[in-house]
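This report goes through a single protein chain.

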Amino acid sequence: MRKIFWLFMMLLLAACGGGGGTSADAPAGGKGTLALEVVKAAGPVAKTVAAPTAVPASPGRVRVVVTETTTGYRAYVDQALGVTTTANFSLPLGTYTVEAVLYEKGYPNVVTDYGIANNVAVGQTGNSAALAVAPVAVTLPVPTDPVYSGGSYSVAAVPAADLLAAGLQEKWSLASSTSAFIGRKHLAQAPSATHLTMTAPTGSGTMYLQGEFFAKASLINPGEAATDFAFFTGDSVVLNAAGLPVDVTHLGISDTQKPVVKSFSVPGEKQGVANVLGISVLATDNGGVKDYAITTSDTEPAANSTDWKYPASFSYGGPISDSDTVVTLYAWARDFNNNVSLQSAATSRQIVFNNSPVVTGFGVPSAAVIDGTKIPVTIFGKGYAGTGTLECAITETDTLPADPTWLPMSAPTLTKPATYTGLYSALNTPAEGVKMVVKLYAWVKDSAGKISPAVSRTAAVHDIPQITAFTATPAPAGTVVSITMDAVVAEGRTFGGYAVTTTNVQPETGWVMGAKPTGPVSFTYDGLNTFPVTKALYLWVKDSLGYVSLPQGTLATFMAP
């Protein structure tokens, strides 16, 4: 498997220069050093994100946390990927649990990879350890029974052991919609370990499900919320048209028990049209719920009101403009003897109407791009006014110029919003060998001339070579490995050479100069005396102007010769 490597040397007795910290004063008993290697599977260079997955807010970051198993002493570092620390830091002597999480910074931060190593000893002579992180993966449970419009459904629990192994909490949120989920946003439902008697949206066709899972408590720093680090995954099932409610008559006219509204949720995003999709109401009653009403008044609706419907639905009768209109909605339930539920804290929710177009997603590469004139971008948008066609613009300031370049977006479909995919040329490009960070702003405009608020993302530009593949396959026995590699270099340059090392310190010697190898090459790991043993190897690439890539690493296990 292709691998990419970051080396983090950890950690301080006191806080680490803005990138780390500790939970308390160090316990007595001396201290030692810990050198930690974090290795993850590589993704493609200049990866872009397509709908309907969450989009990265900035180049990725890593958080590494160590916790002493007896005293609870905790320390961490948190920094951008690709930044390496070459100093050894000290820790109180003891046995530690080491965890690492890779994430894309934003609101919330989106978790991508996780790894854990237990019983890592820190003694007076120091120690080093390798920690493998893997992409977080959770199988989202889906209803096994047919789902009907406005009806209830349940999903199975995710095994707690599976969530723990992925670095996630046992409680998570679940949401459903008749349209695909785009971008990152917290779900309205409170986190829970079980998701029973959920209310399906109204409509027919496809019901999209999204689960929001949260990083485990040991990865959260003081002052952060338990939901600040989230992992999103989704699935879909068939949404069937609603059947007629069943009239329960055996209770007779003596039934005076009122239904109880257990939950009421409305979409969290602003609504640009009167008909609100995604409203969910769940009520219980001893004789069954006949229908629901959603109103803008806390006064009980009349028995003959047209607000009573099954399943629940709502259409706003007021004006909708490009300014926010905040409306409070009230949910009611009625049984077959016309008993009506009471109002409570669970039965009122606020919703915002605004028909300005919206940037629903903005993707830029999570890795640095070599050419600042060719930054891949993907923009998703939604409009409400005019003909429905959208245009988009990209700027490097948060103020839209008087004459921006508007680019056409593809027409939306049932499963995909209006989309633009292309290359953006930065107004300025860095000098040779210099890294530059570009903040980009995306805007969309509808055919009525209304313009959305901007959404910003950060892209990095660095013209050094980028390693796109690196594998190291040890021989069945001995210290020789077979190396394969691939890399890209800046336009107008060629592959100049490569080096393989056993540390992440850029080599001065040992370079193999010339064209890129077309097949495997051999490397011998000298000085190994104990077997089996797992070691890290690092690949470096140099271009024809002499600029050197960041290292990429992988682990290799050597067997006795």
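## Terms and basis

A residue is called buried under 20% relative accessible area, exposed over 50%, and partly exposed in between, using a 1.4 Å probe and protein chains only. By that scale Asp486 is partly exposed, with a relative accessible area of 30%.

The model is predicted: local features need pLDDT of at least 70, side-chain atom pairs count only at pLDDT 80 or more, and totals for chains, interfaces and linings use all residues. Residues are numbered from 1 along each chain as its sequence is written, and side-chain values use heavy atoms, with hydrogens and water left out.

## Overall composition

The chain has 1 helix and 36 strands; these are DSSP runs numbered from the N terminus, helices being H or I with at least four residues and strands E with at least two. Of its 561 residues, 47% are buried. The accessible surface, from the Shrake-Rupley method with a 1.4 Å probe, comes to about 25400 Å², and carbon and sulfur atoms hold 54% of that.

Contact is taken as heavy atoms within 4.5 Å. Among contacts in the chain with a separation of 6 or more, 70% are between residues 24 or more positions apart.

## An open three-stranded sheet

An open sheet is formed by 3 strands in the order β23-β24-β27, with antiparallel pairing. Two strands pair if DSSP finds at least two bridges between them. At the edges are β23 (358-363) and β27 (418-424), each of which pairs on one side only. From one strand to the next the twist averages 20°, where axes are lines fitted to C-alpha atoms and angles run from 0 to 180 degrees between N-to-C directions.

β24 (residues 375-382) and β27 are joined in the antiparallel sense over 7 bridges. Gly381 stands opposite Ala418 of β27.

## Salt bridges

Side chains of opposite charge can pair when their charged atoms come close. The rule applied here asks for a side-chain nitrogen of Lys or Arg within 4 Å of a carboxyl oxygen of Asp or Glu, and it gives 11 salt bridges. One of them joins Glu224 and Arg63, with the closest N and O atoms 2.8 Å apart. Glu224 is partly exposed at 27%, whereas Arg63 is buried at 4%. Both belong to a salt-bridge network that also links Arg61 and Asp78.

Arg334 and Asp291 form another salt bridge, at 2.8 Å from N to O. Arg334 is in β21 (residues 325-335) and Asp291 in β19 (residues 289-295), so the pair ties together parts 43 residues apart in sequence. Arg334 is buried at 7%, and Asp291 is buried at 9%.

## Nonpolar cores

In soluble globular proteins, nonpolar side chains tend to be buried together. A nonpolar core is defined as a set of buried Ala, Val, Leu, Ile, Met, Phe, Trp, Tyr and Cys residues joined through side-chain atoms within 4.5 Å. The largest has 30 residues, and those with the most contacts inside it are Tyr153, Leu168, Trp172, Leu174, Met207 and Phe213. Strands that each supply at least two of its residues include β7 (94-104), β8 (109-122) and β12 (168-177). Beyond neighbours within four places in sequence, Leu174 touches residues including Leu140, Tyr153, Val155 and Leu209.

A second, separate core of 22 residues includes Phe362, Val377, Tyr424 and Ala442.
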